[in-house]
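Hi,

Have a look whenever you find a moment.

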Amino acid sequence: MNAPHKFVNWAATESSNPEKFLKPSNQEELVEIVNSAINANSKIRVVGAGHSWSSVACTDHWLITLDNYCNVLSIDKEAKQITVEAGLRIKELNVILKDNGLALSNLGSISEQSIAGAISTGTHGTGIKFSILSTQILALTLVNGKGELVSLDHEKDADLFKAALVSLGALGIISTVTIQCEELFNLEEFAYPVEFDEGVKRIPELLKEHEHMKLWWFPHVKELQVYCQNRTKAEHLNTGLFIRWVDEKILAKYIFTFLLNLGLWFPTLTAPINRIIKILKFKKEHRIDYSYRVFNTPMPPKHHEAEYAIPVEKAGEAMLQIRKMIDERRLHVNFLMEVRFVKADDCLISPAFGRDTCYVGAYKAGDRGWKEYLHGFEEIMAAYDGRPHWGKEFSIDKNAIGQLYPELERFQAVREQMDPNNVFANRFVREYIM
Ligand SMILES: Cc1cc2nc3c(=O)[nH]c(=O)nc-3n(C[C@H](O)[C@H](O)[C@H](O)COP(=O)(O)OP(=O)(O)OC[C@H]3O[C@@H](n4cnc5c(N)ncnc54)[C@H](O)[C@@H]3O)c2cc1C
């Protein structure tokens, strides 16, 4: 229960050396751990799958994993609701739901995260009529910093519930969550390349026409790839299954990684390499499958990642600015820019709080040139009042955060009420939230 343990996140951008590493397997143990931490005057952090780029999950005090606390507690098929222990990984949840004729309404691009970890940083997918994953939560229980078990409900607990839905582990340990699901559904996906400026121009119409839509662009390439996904009653259609297998198992894993490394050794080759990747990856595709298989993409190679939420109507303008900045500063950017769309919500510190949002993601493999790219990207995001994704990389400070998140003070008041002794305040929380 108490072995030395070094924590390193998935992307290997952050690490810490927790004094204790604990693996509770029931709710009583969660309460016990919090009480022990209070008595020992120590601090606690829960880690989900460690898939955040930021240091949000790091601590040198007590780190808790809920990998042994991940059972399904109940399923109400009629109401399409499921209650689970918070350590459950979304990839397992997807299959459990499918076996019960249910599905999550929307997902991010992977399902490796734990359900509590995903909602805690405001994880989102794409679809302008769909808000972040946290908004699919109907109720949750939490062991707060006083060792109390608190049950929160979307109908009763206004501020507290809206704070807890995106709470960066700062209010306590999320113990169980009840999720509103929908009937199992298939998604039909069309993907195709389009010339960059033309794609940018068509954003408003693509948003009207499709339930879920995202854009991928490799810097230095003339085209971007449009992905459109809509619910359908049609049967699964997986033409090109072999090509997809090659794509996922060989192209994404080996060829893409090899080309990335080549570009890291010889940065001036980045543009031609991106064009080769574009030829391999940006093509017409059509498939119909279970929603979670279409929402998710193959796990990418390790890379740096920053993502900002800006007003949806600024999407095209921001994309043009980013392309211009990369060209003018002669940056060698070897990884995707991803553009997604999310409906406004009312979770107090959600990046999509109060405004329909375009999430712009700037990604880059390797350390070389990352800081320059991040700063250029953040200058542009600042011009659109961009709010950083809490689970990704950013370099803006607390003052900027205070200006960007209009309900930060309300969140701070809830945090003080839930955790007056700062048991759940790690460096990240102290630096940006307190
Ligand atoms: C390859 C890849 C693809 C990604 N795709 C997307 C995407 O499409 N959309 C998107 O928005 N994000 C995406 N992310 C980011 C990811 O969804 C978030 O960073 C998410 O928070 C990670 O979940 P996790 O379970 O790994 O949590 P961790 O990173 O381990 O922890 C995140 C936060 O949750 C807290 N936490 C975890 N469990 C609990 C609990 N039980 N109680 C209280 N607090 C808890 C931690 O303390 C920490 O503050 C991606 C990440 C990777 C690596």
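This is a predicted model: local features need pLDDT of at least 70, side-chain atom pairs count only at pLDDT 80 or more; totals for chains, interfaces and linings use all residues.

In helix α2 (residues 90-99), the buried residues are Ile 90, Leu 93, Asn 94 and Leu 97. They span an arc of only 105 degrees around the axis, so they sit on the same side of α2.

After α2 comes Gly 101, which has a positive phi, near 70 degrees.

Helix α4 (residues 158-165) and helix α13 (residues 408-418) have axes that come within 10 Å and cross at roughly 95 degrees. That angle falls between 65 and 115 degrees, so α4 and α13 count as roughly perpendicular to each other. On the α4 side, Asp 159, Leu 160 and Ala 163 make the contact, while α13 contributes Arg 410, Phe 411, Val 414, Gln 417 and Met 418. By type, the residues of this contact are 5 nonpolar, 1 polar and 2 charged.

**A loop lysine**

Lys 343 is in the loop between β18 (337-342) and β19 (357-364). Its relative accessibility is 39%, so Lys 343 counts as partly exposed. Leaving aside residues up to four places away in sequence, Lys 343 touches Gly 127, Ile 128, Lys 129, Phe 130, Ser 131, Ala 352 and Asp 356. From Lys 343 to Arg 355 there are 12 residues in sequence and 7.2 Å in space, C-alpha to C-alpha.

Best wishes

Note on methods: Residues are numbered from 1 along each chain as its sequence is written. Side-chain values use heavy atoms; hydrogens and water are left out. Buried means under 20% relative accessible area, exposed over 50%, partly exposed in between (1.4 Å probe, protein chains only). Helices (H or I, at least four residues) and strands (E, at least two) are DSSP runs, numbered from the N terminus. The arc is that of the directions from the helix axis to the C-beta atoms. Contact means heavy atoms within 4.5 Å. Axes are lines fitted to C-alpha atoms, for helices over the stretch in contact, and angles run from 0 to 180 degrees between N-to-C directions. Angles under 35 degrees count as roughly parallel, over 145 as roughly antiparallel, 65 to 115 as roughly perpendicular and the rest as oblique. Ala, Val, Leu, Ile, Met, Phe, Trp, Tyr, Cys and Pro count as nonpolar, Asp, Glu, Lys and Arg as charged, and the others, Gly among them, as polar.
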